[in-house]
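The sequence and the coordinates are shown first.

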Amino acid sequence: MNYVIIGAGPAGVVAAETLRKNDPEGDITMISGEGASPYSRMAIPYFLTGKIEESGTHLRKAKDHYDSNSIKVIAENVSKVDTKKSTVTLSNGDSVSYDKLLIASGATPVKPPVPGLDRVGVHHCWTLEDAHNIVKHAVKGSDVVLMGAGFIGCIILESLLARGVNLTVVEAEDRMVPRMMNQIGGTMIKDWCIAKGANVLTSTRATSVDEADGKLAVTVDSGDVIPADLVVVATGVKSNTDFLDGTDIKMEDGILIDDHFRTNVDNVYAAGDCAKGREFNSDGWAVHAIQPTATEHGRIAAVNMTGGDCGQYRGSLSMNVLDTAGLVTASFGQWEGVGGDGVETVDKDNFRYMRLEFDKDDMLVGALSLGRTDQVGCIRGLIQARKPMGKWKARLLEDPNRIAEAYVGLSQ
Amino acid sequence: MAWTEKILRVDLTKGTCTDEALNMEWADQYLGQRGLATKYIVEETDPKVDPLSPDNMMIFATGPLTGTCTSTAGRYSVITKGALTGAIACSNSGGFFGNELKNAGYDMVIFQGASKKPVYLMIENGDCQLLDAAAHWGTSCWDTEESIKANHGDPMIRVASIGVSGEVGVKFACVVNDIDRAAGRSGVGTVMGSKNLKAVAVRGTLGVAVKDGDRLWEAAAAGKKVLADNAVTGQGLPAFGTQVLMNVINETGALPTRNHTGSQFEDAHAISAEAMAEPRASDGKPNLITNAACFGCTIACQRVSSVDRTHFSVKDRPEYQKASGGLEYEAAWALGAATGVNDLDALTFANFICNEQGFDPISFGATLGAAMEMFEKGIIGTNETGGVELKFGNAEALCAMAELTGKGEGFGAELGLGSKLLCEKYGHPELSMSVKGQEFPAYDSRGIQGMGLTYATSNRGACHLRSYTVASEVLGIPVKTDPLETEGKAGLVMAFQDATAAFDSAGVCIFTTFAWSAEDLAPQVDAACRGEWSAERLVETGERIWNMERQYNNAAGFTSADDNLPARLTTEAATSGPAEGKINGLAKMLPEYYEARGWTPDGVPTNETAQRLGL
Amino acid sequence: MQKSLHINPELCTGCVQCELACSYDNEGVFNPSKSRIKVFKFHDEGRFVPYTCTQCSDAWCQQACPVDAITLDAATGAKVVNDATCVGCKVCTIACPFGTVNYNADTGKVIKCDLCGGDPECAKACPTDAITFIDANWTGLGKMRDWAMKTDAGAQAGA
C-alpha cells in the first residue's frame, strides 16, 4: 500500500506514525510545505521569547525519527491533486502517486480587507519564517500593533510583551478571544493584559496601514493613528485547500469528511485544521483548528486508511487553553449553553472565573475557566463521559469550582 | 528553615496587615506555636487586660514542624487570654488549616485591636487582605467555610471561623476549621468574636523547607514506625478513636456522671466506641462511617459519623443527615455521661451543632449538666428554661439546648455563660465543676488522683490536655502508676506538663505521646530546625514555657487559691466502683508539686527557677 | 511484569502523607499543592480518594503534546515529562481527561506522575496500604479505564 500525506503538522505526523504502526510494510510519504523538519505552531510563542531554540519547536525530537520509521518526507509545496489519476503534483513539477491520500494541509492565515497590509513590516504570526521576522523587528522599545485578539493573537501577546515592546492590540469584537470566551471572561483577560502593560482596543477596527516618517501608521475607525515599527496580523485562519481547486472533493469552510474521515472521493481522507469533522456533543460538523483535534483526527484517519475500525466516531471536542501574560484560561465544548442550567462564579479582583453549562439531561456540555490550572482536564473527562451528574449537579450549581471533586466523586 | 521566619501582624482597629520578621531568638527558646506565641503575648500585652477588650491579643500560630512530613504535624493553636477563664489560653486544632498557613508563608498571625465591622482575613501566599464579612456574620462555621471557598473560586482554601455562638459572646465559643476540627477550649472563639473577626481564610502553595530534609524524612519514618507498632496509636485510636476510653474509664470508676454526682455511668456502653460500631435498627448501618486523619497524621483517630435518619433530631433536616465529625471521648462524655443522656444519636447531633456553630462540647455538656442538677434541685425551673424539662437524661432537652446555645438564644444564652457564672447567678457556685472557670473534661479525679492535680494546676483551667496522667495511671504509659494513690503524682504531672508543652510547641499532636517520648521527637525537631535539639533541650523548653504561662497567670491576678478543685471532689467520696469512698487528695499533692517545680509555697516561680530557665 | 499504582480508597484516611512524599521527592520541599498525587476528600460521605495518573496506554497527554515532551519510560510504563523539552503550552492539561497533568506556574512546565522511576514514594509513605505498587494486572484501574473509554472520542480501539 502506498500512502501519501499532504501536510506535516501534528495531524500529518501523527497519521504517518499511526500508519506505520498499523501497516509495517506500506510506503508512507509525507509532503511538507515548510521544510524537512516538521514543527509545531503551538511552540512559536516560546521561540519568540527565546525560551526554546528553533529545534525546540520540532514535533519530533529524534533526528532520524522519520527515517527510522521509514516515513519519507518531501519538502515541497503541493500545487495540484488529481483524484482520477491518484496523483499529487508538487510545485517543482514532480508527481507523486498514491493508493490512499490524507489531506492534512492545515490552515493558513487570512488578511482582512484593510489597505496597506502588504507593506514591509506587516507580518502574520503563523509560520517559523513569520516568527523570525517578528523577532527581528519586535525589539525593546519598538512600537508594535497586534491586529486581532483571537487565540493566535493572544498566544503571541505574552511573547511580545516579554520582548519589551510598546504593544497595542486592536480587536474588532467587543472582547478578547471572542470565540473562546464570553463577555465576562474576555473582558477579564483584557483587564489583565492592560495591567500587564498592553494597550488593548476592543470594538475597534483598523481601517488602513500607511507609512509616515519612516514608520508604519495604523489608522483605526475612531480616527486615531497608532505608530508602529511592526504590525502583526492575527485576524483568523482558513483551511488551506487552494491546491484542491478543480477536484470533486466537497468543501465548505473545510473539507467535508464522514465518520471514517473519508472525503466524498474514493481513497481520499482529510484530517486536522483543513477538515470539517463531526463535533462532539452537537449534531454539527466543524473546523476546530486546535492541536488536540488535529492529533486525534490524524490518528483515527490513519487507522481507517489501513482498514482498521474505530467504531462510530463520537466527534472532537472543541477546547482551548491560553496563557495571556500569566493568566491561564481554558474553554471546553458548548460554553455558550444549550438551554439547560448554567452557573458561574466571578472574582474580578483576583482574576478567577468559572462557568459551567449543562444540558437538559444534567450532563455537562461546556465550561469556561479563568485563573485556574489544577485538574482542568477533568472538565473534558466529564463532558465526554456523557453521564448525568446526579447529586453533583446541585453541588456544582452551588460551587462550580468543585469540578475536579465532581469528576473523582463520579468516577471513583 | 522549618520556620518561615515571617509573621503577619493584623491591626483590626486600623485595618492593616503588616509582615514582620519572626523573633528567632525567641524561637530558639520557645520553639513555636504555644510557647512562642505566648512569649509574644507576654512581651506585648498587659496580663490584666480584659479578654474581650481590643487590647487583648489573639495569635494563630504554627510550630516549626507544622507542614512537614513528621506524623501529625499539621497543627496550629489559637493563643490569647481566654474569655472563659481570664487565664492564658492555648487551644490546639488539627485538620488542614495549620499546614496551609505555613504554606502561605507565615509562622503565625497576630491579631490586635478590634474591627468596627465584621471582617475576615484572606491570606494567599503572602498576600493578605481584610475583607467585609457582613454576608457571613450571623451564619454558621459550616456556611462561612463553604461560601468563602465558593466566593474565592477555590475549594482548596482552608477556613478557620467562628459560628454565631462566637459572635454573640457564648463564653466557650471555639474556632472551627475544616468543618469539624476546632481550637476548642477556653473561649478563644469568643475573643475572636469580640474583635469582629469572622474567619481566617488561607491558601498556601509555597512549600515548607527544613534544615535537612533527608534526615527529617528518615527521622519521621522512624517516628511513624513507633506509632504504628504501638498498641494505642497503631491499633486502639485508629479503630475506636478516643472513644476507646468510655468503657475503660467507666470501669476504672472515673467517669464523672450527672455533674459529678457519680463517677460511673450505668449506660456508658450505649455511648461508647463499641456502640458507635454496632448496626442500628433503622437502617442496619452503624453510627461510625470511617476513621479519618488530620494533615500528615498516621494515627487517624478522627471519627466520621452520621445520625440515624429516623432520629428525632435530624428527621426532615437533610443537612444534618450527612456524614460529619463524630464523637470523641470528651464530647461523648460531656454530652452524655455529664448530662445522663444515653442516646448516641442525640449526642452525635449535639456534637454536629457544636461544630456548626462553633462552641466547645466539653464546656457546653458540663454546663448543661450543672443546669440539670439545678433544675432537679428546684433551683431553676421551667420559667428559666423556656418550658424545657431540664432533667438528667433528657435527650430532647440536650438537642434543643445545643441549638439554642449555638445561637445564644433563650436559655442557651444562660448556658453560654459557662457553669461558673451560671451557677453563681443562681446562688450555687459549688455546683460548677470547673477550675479557673473552665469545666472539667471526662476524668473523675477521685478515681484518677493525678488528674486532680492536673486540673488544679493547668494554666488554662481544668483540662486533660496539659498533663494526661491518665496515660500512666490507667493505661500504663510510660509506666503504670496506681490511679488511687497520690504518691509520686506531683513529679508525674510536672513531667507530663513539660513534655506536653514541648510537643504542642513543635507543632505535633499530643496523641503521639502515647508512643513517643521526647527521645522520639528530638531527632525530628533537630533535623528540621536550626541549632541542636536534644530530648533534654525539648523538655527544658517545655518547662520554660510552663513557667512563663504560670508567670502570666500570676500577673493576671491568679494565686495558689485558684489551684483548687470544687469541694465536691475533695469532700464528697465516690459512691461506686474501684474509687468508692475516695476523695481527691489535692491538699497533699499541691505543696509537693510547688516544691518540685521550684516555686514558692504560694505557687510563684522562685527567682532561682526563673533564672535557671532564662525567664 | 510491569507494576502499577493500586489505589484502594476504602483504606485511605486522608492523611496526605502521599502528597508530602511526592512533593518532597520532586520539589525538595513539603508542598502538597505541587504533589502529583492528590487526595480528594468527600466530607459528606466520609470518603477519601487518592488520585493520580494511571499511565494510561492511550495517553492523551502524550498525543496532544506539540513538542514531543512527554515520552514513554519503557522500563516502568510511565509517561514522563521531559522538562528540557516542555514549553509549558498546557495543551496536555486540557487533553488529559483525568486532570492528572497540571501546570506549575513557578517553573513554566507541566508536572505529572512518573512513578518515581519505578519506586513510587507515595506508596512507600502510605501508612494504610491504600496506595500500593503491585503487578499491573492486579490493580483496580479498571474503573478509571472504563471512564477513559467513555471519554474517548471513539478513537482508541484500533489505534
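The sections below describe one chain, two interfaces and one residue.

## Chain C

The structure is a predicted model. Chain C holds 5 helices and 8 strands. Read from the N terminus, these elements follow the order β-α-β-β-α-β-β-α-β-β-α-β-α.

Chain C has 159 residues, of which 62% count as buried. Among the contacts in chain C that join residues at least 6 apart in sequence, 57% link residues at least 24 apart.

## The interface of chain C and chain A

The size of an interface is often expressed as the accessible area that is lost when the parts come together. For chain C and chain A, the buried area is about 4,300 Å², with 59% of it on carbon and sulfur atoms. This contact involves 47 residues from chain C and 57 residues from chain A.

Between chain C and chain A there are 4 salt bridges. Lys391(A) and Glu45(C) form a salt bridge in which the closest N and O atoms are 3.1 Å apart. On the side of chain C that touches chain A, the elements that give two or more residues are the strands β2 (38-42), β3 (47-51) and β6 (102-104), together with the helices α2 (60-64), α3 (91-95) and α5 (142-151), of chain C. The largest share of this side, 6 residues, comes from α5(C). By class, the side of chain C that touches chain A consists of 25 nonpolar, 11 polar and 11 charged residues.

## The interface of chain B and chain A

Chain B also touches chain A: 11 residues of chain B are in contact with 10 residues of chain A. The area buried between chain B and chain A is about 730 Å², and carbon and sulfur atoms give 36% of it. Ala150(B), His152(B) and Pro155(B) supply 48% of the area that chain B buries against chain A, which is more than any other three residues.

There are 2 salt bridges between chain B and chain A. In a salt bridge between Arg402(A) and Glu146(B), the side chains meet with an N to O distance of 3.9 Å. Across the interface of chain B and chain A, 2 residue pairs are in polar contact, both residues being at pLDDT 80 or more. Helix α4 (residues 141-151) of chain B gives the most to the side of chain B that touches chain A, contributing 4 residues. That side of chain B divides into 2 nonpolar, 4 polar and 5 charged residues.

## Ser91 in chain B

Where in chain B does Ser91(B) lie? Ser91(B) belongs to strand β5 (residues 88-93) of chain B. Ser91(B) counts as buried because its relative accessibility is 0%, and the cut-off for a buried residue is under 20%.

A polar atom of the side chain of Ser91(B) lies 2.6 Å from the backbone oxygen of Arg185(B). Apart from neighbours within four places in sequence, Ser91(B) is in contact with Tyr76(B), Ser77(B), Val78(B), Ala183(B), Gly184(B), Arg185(B), Val188(B) and Arg460(B).

How values were computed. Residues are numbered from 1 along each chain as its sequence is written. Chains are lettered from A and ligands numbered from 1 in the order in which they are written. This is a predicted model: local features need pLDDT of at least 70, side-chain atom pairs count only at pLDDT 80 or more; totals for chains, interfaces and linings use all residues. Side-chain values use heavy atoms; hydrogens and water are left out. Contact means heavy atoms within 4.5 Å. Buried area is the accessible area (1.4 Å probe) that two parts lose on being put together, summed over both. Ala, Val, Leu, Ile, Met, Phe, Trp, Tyr, Cys and Pro count as nonpolar, Asp, Glu, Lys and Arg as charged, and the others, Gly among them, as polar. Buried means under 20% relative accessible area, exposed over 50%, partly exposed in between (1.4 Å probe, protein chains only). A polar contact is a pair of N or O atoms within 3.5 Å; within protein, one must be able to donate a hydrogen and the other to accept it, and residues adjacent in sequence count only if both atoms are side-chain atoms.
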